[in-house]
Amino acid sequence: MGGVEVDLVDIKAMSDRELSGFLRKNAVSLSVFEAKRVVELIGRNPTLTELYIFNTQWSEHSSYKSSRSILKELLPTKAPNVILGPVEDSGIVELGYIDGERYGIVVSHESHNHPSQVVPYEGAATGVGGILRDVLCMGAKIIATADPLRFGNPNGKDKNRVKYVANEVINGIAGYGDAVGIPNIGGDVYFNDSFDENCLVNVVCLGIVKEKDIIHSFAPESAEGYDIIIVGKATDNSGFGGAAFASLILDEKDRESNRGAVQVPDPFLKNVLIRATYAVFEEARKQGIKLGFKDMGAGGIMCSTSEVCSSSDFGAEIDLSKVNVSMKDLPPYIIANSETQERFTWICPSDFTKTLLKIYNKDFELPNISLGAGAFVIGKVTAEQDYVLRHNNQIVCNVPINAITEGIRHERIKEAPRRDFKEPILKEPKDCNKALLSVLRHPNVASKAKAYKHYDTSVMGNAVISSGYADAGVLKVDNSSYGVALKTDCNPRYCRIDPYWGAVNAVAESMRNVAAVGATPSALTDCLNYGNPENQEAFYDFYEGVRGIADAAKHLRYKGTKFPMPFISGNVSFYNESSSGKAVDPSPVIACVGVLKDYSKAITMKIKKEGSTLFLIGKRKDELGGSVYYDVNDEIGAIVPIIDFESERNMTSAVVDAIDSNLLLSCHDVSDGGLATTISEMILGGDADGRIGAEINLDFTDLRTDKALFSESSGFVFEVDNQNLSRLKTLFKFYKIDLVELGKTDGTKLIFNKNNKKIIDLHVDKLKEAWTMGFVEALE
Amino acid sequence: MPKKPNVAVIYFPGNNCEEESLKAVLASGMDGKIVRWNERKNVEKFDGFVIPGGWAYEDRIRAGVIASKDPVFNTINKEAENGKPVLGICNGAQALVEYGMVPGLKKKAEMSLAPNINPFVSGYYCAWIHVKGPEETNGCAFTKFTEQNEVIPMPIAHGEGRYITNDKELIDKLAKNKQIVFKFSTKDGKTESKFPTNPNGAMNNIAAICNKKGNVMAIMPHPERASFVRQLPDIVELRNKSAGNIAAMNSFAPAMQIFKSMRKYIEEEIT
């Protein structure tokens, strides 16, 4: 074992009680067992720096110690279109060929839940900042972000805090993304009381890269002697212990003391840093230089440099005194572990180092952009597989690099919790108009314009469908006719009732949403937000969630093949619970990425023409558990929508083909709020400027009227020009799907008829008022 | 073949619309290049300038004010006095107003782009709006193809875009000089002052102003994000008519006129 030149922490001499006290006093979250394991692993007592390194690396956030074996066992990650599975900072799925070269879509999906609960603006902003780095460091051009958000009950016991958190999170996302200049093309927002004390702020980012230009998060071949360079903001003490903090249960009392663990965002520096990095990419490609490049996020310099070297079986020697710092007298363990934002690690052959430093420090003047910022050589890649840190000429860390990066595993025990949900006995409403308006006004259904109009949705000029206009956002890819679609989904109330089927629905709905704009679903990412994994019931929910998304991906398949929909990237966020130990609703948030060969075929949800025909596919069933309709009646129910995999697969494929054949004028999936909501939203359109109504005949189903209107059973509604009816019918017959003709678009009202009686009769202005006000009211 | 007009799209640290601005410049038939703020050498050789949107210098103090103090701006101002066209979009417009190039009557800042007044979203607001072109122009370099009173859809994306002045006579002067180029309007060209038609509370619905000569324009909405049919949302009929037809979706949308006009102006007046 390598020697060190500073004092050791004498763990061996401490009793368990003393050790526990020592760990707490020094804000080390390792358990006594884990701290002793460090001693065993490195064969001696650790230095304080080493102890903090293991503290970070063995946190749930960095090590996936509770989740890794289950993810590995269950999640499908392979399909012919996968360029890079979930091993580096982002996954990459095939876009297609442009001028004979294969291109990939880079996708990353993360959470920033705890920071956003404690300091919502900064927490949400740094969440965006981190995900941009994950995508950029693959050598990609960043093209879009999306934010799935879960907030507490805006009318519940914590409503003031909930509204504050929600508004500040939205402002933080806007404040960061708008300034860097990345379009926000989607996401979703749900409110319910399980998130009162622990919001969920997930974020997804997309990039585009030519396959041969991918830069990996590991040192290239024969990198021995290469320079280790860090670039970006000067290191300070912000975010020290951030990864460990992500793995703690939030206690409202500790809100103040947890603030220090949240990082400080600097989108202005990031804006310049990204452009400078594009210039480095260009120069390195021109000269044929192979580099390693990695985001510096959780675990800071230590995590980034150790992983980038150990992945290619190298070691590293780093001098922490060479790190550009913005605070005096930072101890080495803070320099090594601080999660100061806006930084990256480069592994660079020394003859290219000068060029790289010049681009950052001279051409883009980073030192003049932000005090102390810039690119600096801090060490070398070594053949010996040790991780050596020096500070003021003393060795403060010297351990086998694999010991740091290999992490730790915990076998967790699962135990099914009691779930005694019951179906409610609801009287059929006398006034379906009123019922529909209250569903449209529900904040989970209502237009989210008040959120996304804070976001820059049109910057970069490539948005073909931006937030709100359709089930998914669509971007045109430069120098090609390709379009990329993106949508996130997960209904927390379904998962509360049934963690397995809730998870299945999240995958199915995300794929439906992408299909509804005409894109072929290509890949999935997951951000698994659950409670404390040491709690057997929370861990059961986690396991069921993973089983659910895995089964859905396997059975729903990559269109036209026997391959599963591949998961190419993901994240696990545990310890999402209230101070009393109640976990948030299980939330396997799924992002689905889709591809259109011809972006111009993408369609929105708004009805385009008078006199065209509306169709429904997907049978209405009595499965309203977790539905918005039950919620407006203060019920939750017990039977959530069950996905019939074969029919779901056929529906999604048929819709993609129909849009590809230019047969549909508009399309919208059936989900939150059911059929009546779907048609209302199609009438209104994303900007709620729609003026074309519809008259619908509900006689096609035997289901009770309210259930037929509001059941959230999977399906699609679409608008078809009458001249295309026979082609449409042929196509759906091929997929063995029943087409239900709902009625015609016409007038300025939404009318539902049943048994020759008007059960709904509402002017578009009424629909508009309810749908545009619900979310506004929730935030005020 | 005569040489194409060559336009510099200036990137100040913090700008973020330089790429799409360059794309619109190139598509209009001009040559162009993104020029960093610190690449001042030879910048005067360009035939025209675009100051793009974003948050130059982090909008410290006020939006656009630090960029307007950057040395490169003096060169741009000098070239503008020689007649070269300068188009400031969003943050670029804010910088032009801060410098005093627009409206440019007194060689100092006469107007201000104040924080939006918007009853729906406070602060930064991104949405599609319409602007109405002028009835007649003063030979403005950016409206050579705009029909009389033509209505053009564009997105806005700003927190501080409300044209105001405390000089009571200035607005009349601007109207008389035909310096008010675009006004916020409804789809049908009504310039009503209420939200959402006027999305930021600007005086007289002003969306874009030019200098007296008409070769410098400061526009708050983003023409570069509305220059191709594919960029338009489904609230614009032209987009819906073109869906499914890639040639139609890739073709020019009305806001491209601004860049085409810039090109024509350079061809006629500069090169």
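In the predicted model, chain B has a radius of gyration of 17 Å, which agrees with the value near 18 Å that a compact globule of 271 residues would have. The C-alpha trace of chain B spans about 50 × 45 × 35 Å along its principal axes. Chain B contains eight helices and eleven strands. Of its 271 residues, 59% count as buried. Among the contacts in chain B with a separation of 6 or more, 76% are between residues 24 or more positions apart.

Chain B also touches chain A. In this interface, 34 residues of chain B are in contact with 35 residues of chain A. On the side of chain B, at least two residues each are supplied by helix H1 (18-27), strand E6 (125-132), strand E7 (151-158) and helix H7 (246-250). Sorted by class, the side of chain B that touches chain A comprises 16 nonpolar, ten polar and eight charged residues.

Several backbone features of the two chains were examined next. Most residues other than glycine have a negative phi, and most peptide bonds are trans. In chain B, the peptide bond from Val102(B) to Pro103(B) is cis, with omega near -5°. Pro103(B) is located in the loop between helix H4 (91-99) and strand E5 (112-115) of chain B. Another cis peptide bond joins Phe195(B) and Pro196(B), where omega is about 5°. The loop that holds Pro196(B) runs between strand E9 (180-185) and strand E10 (206-210) of chain B.

Positive phi values occur in residues other than glycine as well. Glu58(B) is not a glycine, yet its phi is positive, at about 65°. Glu58(B) belongs to the loop between strand E3 (48-51) and helix H2 (65-69) of chain B. Glu58(B) counts as partly exposed because it has 19 C-beta neighbours inside 10 Å, and a residue must have 20 or more to be buried. In chain A, Tyr64(A) has a positive phi near 50° and is likewise a residue other than glycine. Tyr64(A) is placed in the loop between helix H4 (60-63) and helix H5 (68-74) of chain A. Tyr64(A) has 20 other C-beta atoms within 10 Å and is therefore buried.

Within chain A, strand E20 (residues 613-617) is largely enclosed by the rest of the structure, because four of its five residues are buried. E20(A) pairs with strand E23 (residues 715-720) of chain A in the antiparallel sense, over five bridges. In that pairing, Phe718(A) of E23(A) is the bridge partner of Phe615(A). E20(A) also pairs in the antiparallel sense with strand E24 (residues 740-745) of chain A, here over four bridges. In E24(A), the residue opposite Phe615(A) is Glu741(A).

The helices of chain A were considered in turn. Helix H12 (residues 300-310) of chain A has eleven of its eleven residues buried, so this helix is largely enclosed by the rest of the structure. The buried residues of H12(A) include Ile301(A), Met302(A), Val308(A) and Cys309(A), together with Glu307(A).

Two packed helices are described by the angle between their axes and the distance between the axes. For helix H17 (residues 432-441) and helix H27 (residues 764-779) of chain A, the axes come within 7 Å and cross at roughly 35°. H17(A) contributes Leu437(A), Leu440(A) and Arg441(A) to the contact, and H27(A) contributes Lys766(A), Leu767(A), Ala770(A), Trp771(A), Met773(A) and Gly774(A). By class, the residues of this contact between H17(A) and H27(A) are six nonpolar, one polar and two charged.

Ala538(A) is part of helix H21 (residues 536-556) of chain A. Ala538(A) counts as buried because it has 27 C-beta neighbours inside 10 Å. Apart from its neighbours within four places in sequence, Ala538(A) is in contact with Tyr530(A), Gly531(A), Asn532(A), Pro533(A) and Ala583(A). Phe421(A) is 117 residues from Ala538(A) along the chain, and the C-alpha atoms of the two are separated by 17 Å.

Key:
Residues numbered from 1 in each chain as written. Chains lettered and ligands numbered in written order. Predicted model: local features only at pLDDT ≥ 70, side-chain atom pairs only at ≥ 80, totals over all residues. Contact = placed C-beta atoms within 7 Å. Nonpolar A, V, L, I, M, F, W, Y, C, P; charged D, E, K, R; others polar. Buried ≥ 20, exposed ≤ 12 C-beta atoms within 10 Å, placed from the backbone. Pairing = 2+ DSSP bridges. Axes fitted to C-alpha atoms, helices over the stretch in contact; angles between N-to-C directions. Rg over C-alpha atoms; globule rule 2.2 N^0.38 Å.
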